Structure formats: C-alpha cells, structure tokens
Amino acid sequence: MFKFLYYYLGPIGLVTLLMARCRGASSIIMTDISQSRLDVARQMGADQTMLVGQGEVSDEALSAKIVSLIGGHQVDASIECSGASASIRLGIFVIRTLQF
C-alpha cells in the first residue's frame, strides 16, 4: 500500500497524479490553495484533497490533519510541484521515516 502526497495542482501536479495512479498508488492526497484545482484532482482520481493556505497554520498542525485523512499513517512519498518553501517543509513532516 503506497501513499502519495502532492502539493500544487498545476499541470505538473496533475500529470504526476495520473502517473502515481498508473503505477498502483493505493492512496493519493492532493493539496492546493485553489478549490477549483482540487475539484479537478478529484475528477482525475485523487482519493483525498485538502485546501491549504487559509490563514496561519503550523506545519505540525497541517501535517497532523493530513495524516488523519489517511487513517493516522504518514505518507510514503511526498511530491512537491510548486517550489514553495512551505510545501517543502510540510513534506518533511508528513513523510514516513524508514525503519532499518
């Protein structure tokens, strides 16, 4: 079961959504600051979407909300498609750490 989290649903984000689905991702979570882009992501196969950027929310609080969307588990991969430093930081908080 492989879980992906994507940030920013421009053309690159939407293409990577399709690629993850084709490669067998079990859960795809998309975030964006635009509800209309999130609606398109749902139509294209995203399992969960979350509107972000609405006020000041800590990285920890936002990552906890994302983790709760997928049953309390962290994601296996985080794909950042915007270049925004806030998205990069969030990816660090939500990605699962490997246990060796």
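Visitor: Where in the protein is confidence lowest, and where is it highest?
Guide: Strand S1 (residues 3-7) is lowest with a mean of 70, and helix H2 (residues 35-43) is highest at 94. That's pLDDT, the predictor's confidence in each residue, from 0 to 100. Helices (H or I, at least four residues) and strands (E, at least two) are DSSP runs, numbered from the N terminus.

Visitor: And what does the protein average?
Guide: The mean pLDDT is 81, and 90% of the residues score at least 70. This is a predicted model, so to speak of ground rules: local features need pLDDT of at least 70, side-chain atom pairs count only at pLDDT 80 or more, and totals for chains, interfaces and linings use all residues. Residues are numbered from 1 along each chain as its sequence is written, and side-chain values use heavy atoms, with hydrogens and water left out.

Visitor: OK, helix H4. Which of its residues are buried?
Guide: Ser87, Leu90, Gly91 and Val94. Buried means under 20% relative accessible area, exposed over 50%, partly exposed in between (1.4 Å probe, protein chains only).

Visitor: How are they placed around the axis?
Guide: They're on the same side of H4, because their arc is only 105°, taken from the directions from the helix axis to the C-beta atoms.

Visitor: Ile92 then, buried or exposed?
Guide: Exposed, because its relative accessibility is 61%. Ile92 belongs to H4, residues 85-94.

Visitor: New topic: Asp32, buried or exposed?
Guide: Buried, at 3% relative accessible area. Asp32 is in strand S2 (residues 27-32).

Visitor: What lies 2.8 Å from a polar atom of its side chain?
Guide: The backbone nitrogen of Ser34.

Conventions:
Polar contact = N/O pair within 3.5 Å; in protein donor to acceptor, adjacent residues only side chain to side chain.
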